[in-house]
Amino acid sequence: MTAFTCHRGDRIRLWGTFWVNQTTLALSAPAAATTITVRDATGYADTNPIVIAPGTSKEEFAVVSGTPTAAGVITLAAALRYSHSVND
């Protein structure tokens, strides 16, 4: 895996040997949620690691579980530790 790098304006990223997608949350997600809804789930797949709210006090790492829906819903392998707002 490559190191995570945050760029101004980016809020959620898939990281690995290359960037697959950068997007933001389309809906807020409460702490303990096991799904998130993003503006564009293109390129996200089962077992992909993601970072939510990078560079903030609520930054957290998550893992995609299953195939995201066409509506941008991503199921996570574990519940969120923090609540996140739209555009995080």
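In the predicted model, T37 touches T24, L25, A26, L27, A71, G72 and V73, when residues up to four places away in sequence are not counted. T37 belongs to strand β3, which spans residues 35-37. The relative accessible area of T37 is 17%; because buried residues are those under 20%, T37 is classed as buried.

A contrasting case is P30, which is located in the loop that links β2 (22-23) and β3 (35-37). The relative accessibility of P30 is 53%, and the cut-off for exposed residues is over 50%, so P30 counts as exposed. In the chain, P30 and A79 are 49 residues apart, and a distance of 9.6 Å separates their C-alpha atoms.

Strand β4 comprises residues 49-52. From this strand, P49 and V51 point one way, whereas I50 and I52 point the other way. Residues on both sides are buried: P49, V51, I50 and I52 all fall in this class. Strand β4 is joined by 4 bridges to strand β5, which covers residues 60-63. The two strands run antiparallel.

Note on methods:
Residues numbered from 1 in each chain as written. Predicted model: local features only at pLDDT ≥ 70, side-chain atom pairs only at ≥ 80, totals over all residues. Heavy atoms only, no water. Buried < 20%, exposed > 50% of the residue type's maximum accessible area, 1.4 Å probe, protein only. Pairing = 2+ DSSP bridges. Contact = heavy atoms within 4.5 Å.
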